[in-house]
Amino acid sequence: MIELLQQKLARYTIAGADEQEQALKEILQELTLYALWREGFFNIAAFQGGTCLRILYGLPRFSEDLDFILQTPDPDFSWARTVEGVAAVLAEFGVAAELTDRTRADRAVRQAMLKDNSLGGQLDLKFTDLPPGRKLRIKLEVDTNPPSGSAWSQRFHDFPTDFSVAVQDLPSNFALKLHALLCRPYTKGRDWYDLLWYIRNGTLPNMLLLQNALDQTNALADSDAEVNAEWLREVLIAKIQSLDWAEAIRDVEPFLNGIERRSLAVWGEPLFTERAQQLFEQLKMTQ
């Protein structure tokens, strides 16, 4: 098992201790996905969010958390049913992880926390190992009451061996990313980086899901507004004009490699306004 993990680490181009830690965290994320598959988790849930894009679609930025969505709402869902089995599967790879169920019944998004300081100790690391007691941390979150309208698909992954993952499809992922960047009360540059990726790859958002997500959170100032291409262009440009782009860059920069970081030099209102217009034109062609 150690050889398998070492081979995986060797695939990364690592330029410093921070990138090495991100690589270790990503290996742990992939092992956790495999363990969740072993536990049957993807019979009821689907993978979504930035880490999904990173691992299964090649998004060129690191991501911290594992985000999921139940395929059918279930207010009684608890991670307690799953974390014990996940820990047992991780132990097969020599990973002595600590998994804690942080479920709160009064919140629709249920959380678990995975902590581990055993993975790095097994591998030949290029840079200094993590300080004593320092643990890799991965947050697992699942939305137990998602808005209706998502579509699902199946993807396959090959590490640590071949297995399948139920995923929220890209248009639905994009819709909830738009909801997040429009409604989040703080600036998260990673949201805007992902927006560029979706537009570059020609993905169009699931507009019905976006409408339902906005309705569920009462996020529309005008409850009679029609969520269409024109509406999206208007609210995106308004949001773009309101942002502190220096803050957005500071948020996303640690998650990018050197080449991607150079692109941050052109981040700002002109770039994102042009991309919002591009998305509008793509959407108009489908209406």
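## Basis of the values

Because the model is predicted, local features need pLDDT of at least 70 and side-chain atom pairs count only at pLDDT 80 or more, while totals for chains, interfaces and linings use all residues. Residues are numbered from 1 along each chain as its sequence is written, and side-chain values use heavy atoms, with hydrogens and water left out.

## Nonpolar core

The largest nonpolar core holds 93 residues. A nonpolar core here is a set of buried Ala, Val, Leu, Ile, Met, Phe, Trp, Tyr and Cys residues joined through side-chain atoms within 4.5 Å. Buried means under 20% relative accessible area, exposed means over 50%, and partly exposed lies in between, with a 1.4 Å probe and protein chains only. The members that touch the most others are Phe 47, Phe 68, Trp 79, Trp 192, Leu 232 and Trp 267. Helix α2 (residues 17-38) supplies the largest share of this core, nine residues. Helices (H or I, at least four residues) and strands (E, at least two) are DSSP runs numbered from the N terminus.

Trp 79 has contacts, meaning heavy atoms within 4.5 Å, beyond its neighbours within four places in sequence. Among them are Leu 36, Phe 41, Phe 68, Leu 140 and Val 142, together with Asp 101, Arg 110 and Glu 141.

## Strand β5 and its partners

Six of the eight residues of strand β5 (residues 136-143) are buried. Two strands pair if DSSP finds at least two bridges between them. Strand β2 (residues 66-70) runs parallel to β5 and is joined to it by four bridges; Leu 66 has Leu 140 of β5 as its bridge partner. Strand β4 (residues 109-116) pairs with β5 in the antiparallel sense over eight bridges, and here Arg 110 is partnered by Val 142 of β5.

## The β6-β7 hairpin

Strand β6 (residues 152-157) and β7 run antiparallel and are joined by six bridges. In β7, Ser 164 is the bridge partner of Phe 156. The two strands form a hairpin through five residues. Pro 160 lies in the loop between β6 and β7, and a cis peptide bond with omega of about 5 degrees joins Phe 159 and Pro 160. Most residues other than glycine have a negative phi, and most peptide bonds are trans.

Six of the six residues of β7 (residues 163-168) are buried, so the strand is largely enclosed by the rest of the structure. In a regular strand the side chains alternate between the two faces of the sheet. On one side of β7 the buried residues are Phe 163, Val 165 and Val 167, and on the other they are Ser 164, Ala 166 and Gln 168.

## Helix α4

In helix α4 (residues 83-91), the buried residues are Val 83, Gly 85, Val 86, Val 89 and Leu 90. Seen down the axis of α4, these residues fall within an arc of 160 degrees, so they line one face of the helix. The arc is that of the directions from the helix axis to the C-beta atoms. The cover over the buried residues of α4 includes α2, β3 (98-101) and β4.

## Largest pocket

The largest pocket contains about 1,100 Å³ of space. On a 1 Å grid over the protein atoms alone, a pocket is an open set of points where a 1.4 Å probe fits, with protein on both sides within 12 Å along at least five of seven lines; lining residues have an atom within 4 Å of a point. Grid points are joined across faces, edges and corners, and the volume is the space filled by probe spheres set on the points.

The lining has 40 residues, of which Gln 48, Val 109, Glu 141, Ala 180 and Arg 184 are the closest to the pocket centre. Elements that give two or more residues to the lining include α3 (49-57), α7 (189-200) and α8 (207-216), along with β2, β4 and β5. The largest share, six residues, comes from α6.

## Selected residues

Ile 69 lies in β2 and is buried, with a relative accessible area of 1%. Beyond its neighbours within four places in sequence, Ile 69 is in contact with residues including Ile 44, Gln 48, Val 142, Trp 152 and Leu 176. Gln 71 lies in the loop between β2 and α4 and is partly exposed, at 28% relative accessibility. The contacts of Gln 71, again leaving aside neighbours within four places, include Phe 42, Asn 43, Trp 152 and Ala 166.

Asn 218 is in the loop between α8 and α9 (229-242). Asn 218 is exposed, with a relative accessible area of 69%, and its phi is near 50 degrees, a positive value in a residue other than glycine.
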